[in-house]
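This briefing sets out the architecture of one protein model for a structural reader. Please consult the sequence and the structure alongside the text.

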Amino acid sequence: MARKPRTADQRGGLDCDTIVAIATAPGIGAIGVVRISGPDAERIGRCLSDQSLRERRASLAAFNDASGQQIDQGLVLFFRQPRSFTGEDVVEFQGHGGPVVLDLLVQAAVTLGARLARPGEFTERAYLNGKLDLAQAEAVADLIESGSAAAARSAVRSLTGQFSARVETLAADILELRIFVEGAIDFPEDDVDFIGDGNASGRLERLIGRVNTILASATQGALLNEGITIVLAGRPNVGKSSLLNRLLGYERAIVSNTPGTTRDVLTERMDLGGIPLRIVDTAGLRESVDEIEREGVRRALAQISSADRVIVVREDGDWEPAQVLIQEQRLPTDRLTVVNNKIDISGTPPGAVRQHGRDEWRVSALTGAGIDGLVDHLKAAVGYRKDAGVFSARRRHLDALTRVAMVLQRGAAALTESGAGELLADDLRVAHAILGEIVGTVSSDALLGEIFSRFCIGK
Ligand code: GDP
């Protein structure tokens with residue numbers, strides 16, 4: 001969904017110079033693309049391409065440097081503003097994909113007055129010129145970097161504006177309710193009894209429901225996008241490494257592995273049915289006088305505190321209760337799954353058991369019994385639902401949506417408890433502003449810098 005171009009003020013002093021970069025991946029390829037965007041793009045493009053620029057047409061041209069010496073030969077495309085990716089004049093050279101050839105072309109453009117683009121600067125200009133909103137711009141990077149087909153599909157949904165559209169409709173409805181509530185405050189004599197007739201609270205309830213629905217979809221998107229971290233804890237020899245191998249074997253899609261020392265944490269990356277998963281084995285946590293081992297314990301505790309889920313492994317039927325381990329190793333009880341391993345020895349049937357107010361899982365890492373159920377449980381525990389309508393999202397978006405839900409709930413409570421329309425009106429104003437952070441109608445230079453600097457150069 002295209003947005004209104006920003007005013008000069010909103011553009012925060014956007015440079016009006018012309019930028020150039022190689023848009024294709026570094027290295028050798030059949031084709032390489034150099035992209036130029038800005039007010040001088042057409043002039044520079046004409047100088048470099050033998051005058052053969054035709055708007056929205058591909059022309060075969062000789063590519064020359066500033067002194068007229070031929071560098072390459074290929075296709076040149078010209079998009080006149082505003083009908084281009086950045087909203088500015090854009091010229092693209094498709095030449096032979098060798099780094100030297102492409103560098104020569106970039107250098108020639110620089111000699112003619114262009115400047116090397118910063119990472120993400122083309123997309124940043126597209127955002128500042130109202131071609132994309134912020135959530136869509138982020139989806140560009142998410143699509144490029146997507147680690148699975150499901151992640152790519154969700155990024156495309158966000159890129160085409162499906163996420164933004166839901167956020168904006170919600171924002172518009174919040175604004176409408178705010179106008180209604182403020183009207184009731186300003187003109188009490190009009191006898192608009194919005195509390196009494198239940199209209200405001202009913203509308204508020206429905207809005208909260210919608211925020212939660214969007215939050216659920218965005219949570220899926222963020223899972224696909226950013227992945228989750230699961231930490232394995234437990235005493236030595238209970239089968240942590242075996243369980244790790246069993247989980248890795250589950251999808252047979254190890255992306256990379258980074259073994260540390262035996263006393264360090266071991267991290268494996270895998271694709272768990274489309275969710276990028278990082279599993280950390282905290283290798284025999286115990287108090288030690290050994291300096292290196294103490295460092296290992298310190299790192300393990302840091303991993304545990306930031307994990308999305310902690311699995312504590314013990315032997316099924318072990319005399320030592322899980323509670324002892326949980327206290328000793330300071331494991332979080334709100335994100336914990338207890339796995340009772342080696343049921344092939346104890347003879348207990350696999351699956352979930354409710355024990356000591358917790359869900360515990362009985363498995364055998366050796367035979368694989370109970371592992372499928374454990375995997376489903378882990379996916380569900382981190383918030384994964386099989387849902388076709390997921391769009392890509394980031395923690396930043398989840399954080400904003402969570403704050404919106406909290407603020408609306410606070411407004412609803414104020415309304416029921418004290419009939420306080422003023423407080424509700426203010427909460428609606430805040431909720432509306434927070435939603436603006438997602439699509440970028442409200443944004444700071446720091447946030448923009450943070451988002452666009454993570455892009456690759458040429459995007
Ligand atoms: P860790 O020290 O917790 O990582 O434990 P390991 O994965 O190295 O396993 C310790 C020992 O227990 C090894 O000999 C494994 O083969 C064995 N083991 C692990 N899981 C099972 C299981 O489910 N059943 C049986 N019978 N043995 C297991």
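The model is predicted: local features need pLDDT of at least 70 and side-chain atom pairs count only at pLDDT 80 or more, while totals for chains, interfaces and linings use all residues. Residues are numbered from 1 along each chain as its sequence is written, and side-chain values use heavy atoms, with hydrogens and water left out. Helices (H or I, at least four residues) and strands (E, at least two) are DSSP runs numbered from the N terminus.

**The sheet**

- Six strands form an open sheet of mixed pairing, in the order β3-β4-β5-β2-β1-β6; two strands pair if DSSP finds at least two bridges between them.
- The edges are β3 and β6 (115-116), each of which pairs on one side only.
- Strands of a sheet pair through backbone hydrogen bonds, either parallel or antiparallel.
- Strands β3 (residues 58-64) and β4 (residues 70-79) run antiparallel and are joined by seven bridges, with Phe63 opposite Asp72 of β4.
- The β3 and β4 hairpin has five residues between its strands, and Gly68 there takes a positive phi near 95°.
- β4 is also joined to β5 (residues 90-97), by five bridges in the antiparallel sense; Leu77 has Glu92 of β5 as its bridge partner.
- Eight bridges link β5 to β2 (residues 29-37), again antiparallel. Gly32 has Gly95 of β5 as its bridge partner, and Arg35 stands opposite Glu92 in β5.
- β1 and β2 pair antiparallel over four bridges, with Ile19 opposite Ser37 of β2.
- Six residues separate the strands of the β1 and β2 hairpin, where Gly27 has a positive phi near 110°.

**Helices and their packing**

- Helix α1 lies across β2, β3, β4 and β5 and runs at about 35° to β5. Contact means heavy atoms within 4.5 Å. Axes are lines fitted to C-alpha atoms, for helices over the stretch in contact, and angles run from 0 to 180 degrees between N-to-C directions.
- Helix α3 (residues 121-128) lies across β1 (19-22), β2 and β6, at about 135° to β1.
- The axes of α4 (residues 134-145) and α14 (residues 421-439) come within 5 Å and cross at roughly 35°. Leu134, Ala135 and Glu138 of α4 make this contact with Glu437, Ile438 and Val439 of α14.
- The residues of the contact of α4 with α14 comprise four nonpolar, no polar and two charged. Ala, Val, Leu, Ile, Met, Phe, Trp, Tyr, Cys and Pro count as nonpolar, Asp, Glu, Lys and Arg as charged, and the others, Gly among them, as polar.
- Helix α7 has 28 residues and spans 40 Å from its first C-alpha to its last, close to the 40 Å expected at 1.5 Å a residue; the expected span is 1.5 Å times one less than the number of residues.

**The largest pocket**

- The largest pocket holds about 370 Å³ of space. On a 1 Å grid over the protein atoms alone, a pocket is an open set of points where a 1.4 Å probe fits, with protein on both sides within 12 Å along at least five of seven lines, and lining residues have an atom within 4 Å of a point. Grid points are joined across faces, edges and corners, and the volume is the space filled by probe spheres set on the points.
- Of its 18 lining residues, the closest to the centre are Asp142, Glu145, Glu226, Arg394 and Arg454.
- α4, α7 (199-226), α13 (395-418) and α15 (445-452) each supply at least two lining residues, and α4 gives the most, with four.
- The lining divides into six nonpolar, three polar and nine charged residues.

**Backbone features**

- Most residues other than glycine have a negative phi, and most peptide bonds are trans.
- Arg56, in the loop between α1 (41-48) and β3, has a positive phi of about 55° although it is not a glycine.
- Gln81 and Pro82 are joined by a cis peptide bond with omega of about 5°; Pro82 lies in the loop between β4 and β5.
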